[in-house]
Structure formats: structure tokens, C-alpha cells
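Here is a briefing on one protein model.

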Amino acid sequence: MLGIVADDLTGGAAIAGEIARTGMPVPVLRLQNDGRVEPRTLVVETGSRYMPVAQAEQCVVLAVQQLRQAGFTLLMKKIDSTLKGNVAAELAIFAKAVGERLVIVPACPAMHIHVRDGYQWKSGRKGIDIAALVGQALGWAPLSLPLDVVRGGEGAISAWLRANDCPVIIADTETQNDIEQIVSGARNTGINAYAGVYGLGRALAGPAGKPDMHPPGEASRLMVLVGSTASATVAQVDYLIAQGAANIAVRVPSLFGGDSEREISRICREIARATAPVVLVHTDAKSTADDVSRFCRDRGWSDRDLAQALAAPFAEAVRSLPGAGIMIVGGETTGALFDMLAWRGLLVTGEFADSVPIAAPPDADYPFILTKPGAFGTVSVLQDAAQMMLGARFGRRP
């Protein structure tokens, strides 16, 4: 049985989505101190990405303990594809908590993120030395599984792992096939602990069929909530607006300026007046991102702090359109909204596109929910999701 520990809700749901390709729905549960987990493939989300390090480590240990007590023998630690948050500390404590060899596969081919010689490469540019980053947290240097060994196939990988008995291995990876071979070779040597990003889940889950893109419930309208400031998301928002979505921009300075109640009331009125099948509520990152970043820097806020401040208008937006499907863009946005609505988890039933899972939300007033990390997706992904989920054409303007 496969159990996953994820540091944020959107990333955890994305892994659940790729595992749900096998035809088995995957629960994503938020960590509870007294929580019990069922003995089937699932994701436990710790919400620890921006916690103080010691608190984040405690959450990871607790999640591992709960999974072990439920009988899970195959474990994965989900990390952020761009290495945000407490990545090194959480990987180090995860390795200690599982108490066995750990293979880290921090490449995400779907996002053009590769690993060579222990370094992460993004779109052809050399980035962070992952081996050094993790080694600093461990207190000793992990080994790197070379790409030429990976390309030798699972037999070569198994032989290398048997000859190099290091407790933590960081695997060079460029393609999804590389990930599949690494997992096969490592499983052959009895390794049952892994860490990585989107793409690793499907390798651990086994052969997949055609992605299930059918929502668990029907809706005549879709509400899209966007808190991400990623450049990919800005382009996706512009494209969705051009297709005719009701465009409702949150005036972020008003929320910070002590006028939040009036701003929330305005958003709800605009939602009530909207007649388009897709209602887009967003932070207008193209115009406000620099100002908001400056505001957060001045106050020492993390992305989590900002998301918590934005959760109230997004929660009221959701309540203003009962019966609509929901799509949330941005990991911290998703976690903060679930906090505000007191939603403990969701059941992922399929996957619309890479890292865009389809799920049944915990509140019966809403037929389905989709989540998407901010940095993922083509320019038309929000538009494409709206068309698929609503079962009718929407927009299609050049």
C-alpha cells in the first residue's frame, strides 16, 4: 500500500490525481493530531511548507507514524517541484522517520525540471545543488545516482544500489521513463521509501489507464479562484477572460487597508450579477503582484500568510455560488481556503491534465473541485477545464 506525505494540499492532490489514473479514487486528508488513516492508498497533507522548521519536522514524523500504524509499507514524501519551503529539513526528518533507505527523485519532466549530477535544471538552466542542500540538513553527503546508470535500465540501477549502500540517494533524472526505471530498479532491491514531485506517484502506483476526466457531479457553472502570481497563471487568467469568463478582480490593497468587509461585499454583489457560466475571482496579479510582494516583504510575510489574508474573500465567493463547480489555482490559496471553510480533505477521482486533479469536495453543496499549482499548465488550461467540466462549449475566441 502506498502512503504519501505532502507539505501542501495542491501538491498532494496532484500526486493523488496521477495515482487515480489507475482507476482507484485516492483520499487526501489533512493531518490531525488524533487522526486515523485507512489502510488504502492515500495522501496525508501536513500544511508544513512555511511552518517553523521544528514544527514542520514534527508534522512529518506524525504523518509517517500514522501511515505506519495503518500498515503502509511503501511511503513517498512529496516536495515542491521548485524546492520552496522546508524541503531539506523535511526530507532529512522523513529519512529518519521511515528508518530505511530513501531514494529522492526531484525531477518533474512535465515542468521541464531535470536533475543532473545532483543539480536541479529548469528549462535548460542549472539551478540548486540538491545533494548539497539535503546533505546540509542530514549532516552528511548523500550519493547521486548517475544518469548514465539510470539509462542502463532497472538492472543497472539495482546493481548500482546494491554496490553503493548509502542511506539516501538522489537520482539524476530527465524523463518520465527515467523515473519509471529508477522506481523499478530500487523496488527490486527492496527499497520502499521515496521522495519527489509530480511524476513519481504514477511510477509508484503502477500501470495507468486513460485519465478519468469526468467530474463526480454535474454543474451548470464553474467558479475559478486564483491566488497564484506565477507568470503561467497570469497568462491563463488573461486567456480565460478573453473567452468570456465573468472577470472579478479582488482589490488586494483594500483588504490590507482595513476595508476588507466592504471589498468582500462588492465581490459578492458582482458574483450575484454575473451571468457567464464561468465566474473568475482573482487577485489581478499582473497589476498588483509587485505591490503585494513589497507589502509582504515589509511585514516578513510568507506565501502562507498572504493566502490566509485572501482566504476570506475567496470563501465568501464560494458561498455566494452554491451548486457551482470549483477550481482553485495556487497551493497556499487552496490550503487557506480549506482552512477558512473547515474542509478536512477531498477524494480525488481522476485527472483532467498533468497536475490538475478532479475531486469530490467534502461539502455536498459543490459537485466537484479541481486544484492546480500556479506554475503548471498551458495557457488554455483553465479554459479547457471549464469546457470539460461544464459539458458544453464556452468561449473559443482566438
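Contact means heavy atoms within 4.5 Å. By that rule, Leu145 touches Val150, Ile157, Trp160, Ile169, Ile170, Ala171, Asp172 and Ile182, not counting residues up to four places away in sequence. The model is predicted: local features need pLDDT of at least 70, side-chain atom pairs count only at pLDDT 80 or more, and totals for chains, interfaces and linings use all residues. Residues are numbered from 1 along each chain as its sequence is written, and side-chain values use heavy atoms, with hydrogens and water left out.

**Nonpolar cores**

- A nonpolar core is a set of buried Ala, Val, Leu, Ile, Met, Phe, Trp, Tyr and Cys residues joined through side-chain atoms within 4.5 Å.
- Buried means under 20% relative accessible area, exposed over 50%, and partly exposed in between (1.4 Å probe, protein chains only).
- The largest core holds 70 residues; Leu145, Leu225, Ile271, Val279 and Val281 touch the most other members.
- Helix H13 (residues 303–319) gives this core its largest share, six residues.
- Apart from it lies another core, of 45 residues, among them Leu29, Ala63, Leu83 and Phe376.

- Helices (H or I, at least four residues) and strands (E, at least two) are DSSP runs, numbered from the N terminus.
- Two strands pair if DSSP finds at least two bridges between them.
- Three strands form an open sheet in the order S6-S7-S8, with antiparallel pairing.
- Strands S6 (113–116) and S8 (125–129) stand at the edges with a single partner strand each, so one side of each is left without a neighbour in the sheet.
- The twist averages 35 degrees from one strand to the next. Axes are lines fitted to C-alpha atoms, for helices over the stretch in contact, and angles run from 0 to 180 degrees between N-to-C directions.
- S6 pairs with strand S7 (residues 119–122) over four bridges, in the antiparallel sense.
- Tyr119 in S7 is the bridge partner of Arg116.
- Helix H4 (residues 130–138) packs on the sheet and touches S6, S7 and S8. The direction of H4 makes about 10 degrees with that of S8.

**Pro253**

- Pro253 lies in helix H10 (residues 252–256).
- Pro253 counts as exposed, at 55% relative accessibility.
- Its C-alpha atom is separated by 9.4 Å from that of Phe295, 42 residues apart along the chain.
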